[in-house]
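Please read this briefing alongside the sequence and the coordinates shown below.

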Amino acid sequence: DPKRLEGYTELSRVLLREKKEREAELVFEMMMAALPDNPTGYFEMGRAFFEKRMIEKAAQYLARAIDRDPSHLQASFTLAGIYEMQNRFAEATRVLERLQHYVSDDPDLMFALGRLSLKAGDEAGAERYFDNLRLFAWS
């Protein structure tokens, strides 16, 4: 039930704004007990922790969202962004390559993979992704 999910999510966000992280997690745990396979709840909690700059907690929840839905675009890009900020380029690349199995024709995805390859020092990999991006743009 989406309304139920929104209620849990909003309450968790309010608690986080009030710096009540443990209470927010308890509400989240209740939500996940009610909706255990819903990736959106994990994504929303990850995003909420990210906004509070609680990066490791955010990464944990985003990874759980992706485990439940490997094609979750927002969760994948957000988690890859966290890893990129931490200079964990190989992990960021793995997250986005996993996503590529489900969303192979997304130009933002190809660009991000090319950029990560450059940052990791893999010029050949970057060239491959950027070539794919050019082919996609011309088709």
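This is a predicted model: local features need pLDDT of at least 70, side-chain atom pairs count only at pLDDT 80 or more; totals for chains, interfaces and linings use all residues.

**Salt bridges, core and a helix position**

By the distance rule applied here, the count of salt bridges comes to 10.

**Salt bridges**

- Side chains of opposite charge can pair when their charged atoms come close.
- Glu-25 and Lys-57 form a salt bridge in which the closest N and O atoms are 3.1 Å apart, and this pair links distant parts of the chain, with Glu-25 in helix α2 and Lys-57 in helix α4, 32 residues apart.
- Within that pair, Glu-25 counts as buried because its relative accessibility is 10%, under the 20% limit, whereas Lys-57, with a relative accessible area of 28%, is partly exposed.
- Glu-44 forms a salt bridge with Arg-47, where the closest N and O atoms are 2.9 Å apart; both residues lie in helix α3, three residues apart, which is about one turn of the helix.
- Glu-44 has a relative accessible area of 16% and is therefore buried, while Arg-47, at 29%, is partly exposed.
- Lys-20 forms a salt bridge with Glu-18, with 3.5 Å between the closest N and O atoms; Lys-20 counts as partly exposed at 35% relative accessibility, and Glu-18 counts as partly exposed at 45%.
- A network of salt bridges links Glu-84, Arg-115 and Lys-119.

**Nonpolar core**

- The largest nonpolar core has 37 residues, and those with the most contacts inside it are Phe-28, Met-31, Met-45, Leu-79 and Leu-96.
- At least two residues of this core are supplied by each of the helices α1 (2-17), α2 (21-34), α3 (39-51), α4 (55-68), α5 (73-85), α6 (89-100) and α7 (107-119), and the largest share, six residues, comes from α4.
- Leaving aside neighbours within four places in sequence, Leu-96 is in contact with Ser-76, Phe-77, Ala-80, Leu-109, Ala-112, Leu-113 and Leu-116.

**Gly-81**

- Gly-81 and Ala-92 are 11 residues apart in sequence, and the distance between them in space, C-alpha to C-alpha, is 7.0 Å.

Key:
Residues are numbered from 1 along each chain as its sequence is written. Side-chain values use heavy atoms; hydrogens and water are left out. A nonpolar core is a set of buried Ala, Val, Leu, Ile, Met, Phe, Trp, Tyr and Cys residues joined through side-chain atoms within 4.5 Å. Buried means under 20% relative accessible area, exposed over 50%, partly exposed in between (1.4 Å probe, protein chains only). Helices (H or I, at least four residues) and strands (E, at least two) are DSSP runs, numbered from the N terminus. Contact means heavy atoms within 4.5 Å. A salt bridge is a side-chain nitrogen of Lys or Arg within 4 Å of a carboxyl oxygen of Asp or Glu.
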